[in-house]
Amino acid sequence: MAAAPKEEGEGGGIGARNGASRALELSRAFEGSGGENVQRDAQLLPRPLSSIQSSNPSSDGSRLRVAYQGVRGAYSESAAEKAYPNCEAVPCEQFDTAFQAVEKWLVDRAVLPIENSLGGSIHRNYDLLIRHRLHIVGEVKLAVKHCLLANHGVEIGDLRRVLSHPQALAQCEHTLTKMGLVREEVDDTAGAAKHVAFHNLKDAGAVASAAAAKIYDLNILARDIQDDSDNVTRFLMLAREPIIPGTDKPFKTSIVFSLEEGPGVLFKALAVFALRQVNLTKIESRPLRKQTVRTPDDSSNGAPNRYFDYHFYVDFEASMADVNAQNALRHLNEFATSLRVLGSYPVDTSMI
Ligand SMILES: O=C(O)C(=O)C[C@]1(C(=O)O)C=C[C@@H](O)C=C1
């Protein structure tokens with residue numbers, strides 16, 4: 001394998017001036033080359049947040065407003081409160097609404113569930129990250145403990161169906177199958193609880209949190225019904241501006257890139273990290289949408305279009321203030337067809 005090219009900052013010189021401003025400069029340099037991005041609103045002038053601000057009230061002293069998808073009692077609301085204690089969690093009907101609320105300055109942050117230890121990646125939400133121009137400024141891991149909820153007086157034997165978010169239903173797959181319940185998907189777990197309560201349903205239950213049971217005055221028929229007691233969802237916190245990456249605590253960086261077709265190209269892309277001892281924690285691929293990439297010779301000989309081109313999402317354990325991360329991305333940028341830094345943010349090291 002080819003040796004890593006001579007790098008800026010390795011062995012002295014530029015590395016000494018490597019710091020927050022250099023890291024932000026680089027993040028911004030890698031921001032623009034992504035594909036399906038909305039244009040930056042001219043009003044959204046850069047106003048970088050420090051990593052301290054990322055967990056505190058907004059700078060004018062008012063409570064930080066954090067948008068989440070769902071209604072009161074949703075797990076996303078708990079994630080918002082874990083990330084920003086004392087924040088004002090603002091419910092939104094859809095994820096797009098939560099993103100737009102940040103973009104329009106109606107709120108300060110949005111919360112987005114991105115992966116679950118049982119259900120895996122939440123693919124739709126990966127797509128949202130590139131459809132919008134927000135920055136990842138934090139992550140939170142939340143233990144998700146599902147309950148089976150029903151109206152007072154209703155017993156498990158009375159239930160025919162169960163309502164919940166598709167992820168929550170998937171996380172309770174075995175238990176619900178054993179109970180013989182027909183699954184019905186709705187937008188969020190707490191919304192399911194609200195629906196069951198407001199319509200006083202006798203044949204339907206909801207999979208939701210104990211908090212939702214309290215809010216909508218439902219009875220908890222069974223607790224901890226997820227298929228594995230260790231059920232953890234990872235959420236991302238999004239803001240209009242990136243935080244200044246530091247090296248004072250463990251940081252993670254999330255990027256998205258695309259590559260030319262060819263043998264070993266993905267191997268080469270991953271090698272830019274391996275060569276510099278940068279540990280990858282996640283890799284995900286998603287189809288490049290709205291883009292049917294034609295091969296150079298297909299117009300003349302009628303060869304089929306290439307439908308299977310991908311965006312690769314990678315999380316790695318390093319801050320953008322780390323010279324190894326900067327050099328790895330500079331290297332990747334030499335051959336990637338697009339590259340965007342989605343954010344560099346403190347790792348959630350809290351006990352779950
Ligand atoms: O429906 C909710 O309560 C949510 O917050 C959404 C969501 C998800 O999208 O994964 C969050 C955590 C759980 O994994 C189940 C559902």
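In the predicted model, 15 residues surround the ligand, and the closest of them are Ala74, Tyr75, Ser76, Gln167 and Asp188; a residue is counted here as near a molecule or strand if its C-beta atom, placed from the backbone, lies within 6 Å of it. Two or more residues of this shell come from each of helix H3 (75–83), strand S3 (109–116), helix H6 (166–171) and helix H8 (189–198), where helices (H or I, at least four residues) and strands (E, at least two) are DSSP runs numbered from the N terminus. By class, the shell around the ligand comprises seven nonpolar, seven polar and one charged residues, with Ala, Val, Leu, Ile, Met, Phe, Trp, Tyr, Cys and Pro counted as nonpolar, Asp, Glu, Lys and Arg as charged, and the others, Gly among them, as polar. Because domain 1 (14–143 + 234–346) and domain 2 (147–227) both give residues to this shell, the ligand lies between them. The model is a predicted one, in which local features need pLDDT of at least 70 and side-chain atom pairs count only at pLDDT 80 or more, whereas totals for chains, interfaces and linings use all residues. Residues are numbered from 1 along each chain as its sequence is written.

The domain assignment of the protein chain gives domain 1 (14–143 + 234–346) and domain 2 (147–227), the bounds being taken from an automatic or database domain assignment. The contact between them takes 12 residues from domain 1 and 18 residues from domain 2, and the side of domain 1 that touches domain 2 has five nonpolar, six polar and one charged residues. Two residues are in contact if their C-beta atoms, placed from the backbone, lie within 7 Å.

The secondary structure of the protein chain comes to 12 helices and 15 strands, and 44% of its 352 residues count as buried. A residue is buried if 20 or more other C-beta atoms lie within 10 Å of its own, exposed if 12 or fewer, and partly exposed in between, with C-beta atoms placed from the backbone. Among contacts between residues at least 6 apart in sequence, 77% join residues at least 24 apart.

The largest nonpolar core holds 91 residues, of which Val66, Leu149, Ala193, Val196, Val207 and Leu238 touch the most other members. At least three residues of this core are drawn from each of domain 1 and domain 2. A nonpolar core is a set of buried Ala, Val, Leu, Ile, Met, Phe, Trp, Tyr and Cys residues joined through C-beta atoms within 7 Å. When residues up to four places away in sequence are not counted, alanine 193 touches Gly73, Leu149, Ala206, Ala208, Ala212, Ala213, Tyr216 and Leu218. Valine 107, in the loop between helix H4 (95–103) and S3, is buried, with 23 other C-beta atoms within 10 Å. With residues up to four places away again left out, valine 107 touches Arg65, Val66, Ala67, Val90, Ala101 and Val102; from valine 66 it is 41 residues apart in sequence and 6.0 Å apart in space, C-alpha to C-alpha.

Strand S5 (residues 135–143) is largely enclosed by the rest of the structure, because seven of its nine residues are buried. S5 is joined to strand S11 (residues 232–239) by eight bridges, and the two run antiparallel; two strands pair if DSSP finds at least two bridges between them. Within this pairing, leucine 142 stands opposite threonine 233 in S11. Threonine 233 is also among the contacts of proline 113, which, its neighbours within four places in sequence aside, touches Ser76, Ile122, Asn125, Thr233 and Phe235. Proline 113 is placed in strand S3 and counts as buried, with 26 C-beta neighbours inside 10 Å.

Most residues other than glycine have a negative phi. Asparagine 86, however, has a positive phi of about 75 degrees; it is found in the loop between H3 and strand S2 (88–92) and counts as exposed, with 9 C-beta neighbours inside 10 Å. Aspartate 217 likewise has a positive phi, near 55 degrees. This aspartate 217 is placed in the loop between helix H9 (210–215) and strand S10 (219–222), and is exposed, with 11 other C-beta atoms within 10 Å.
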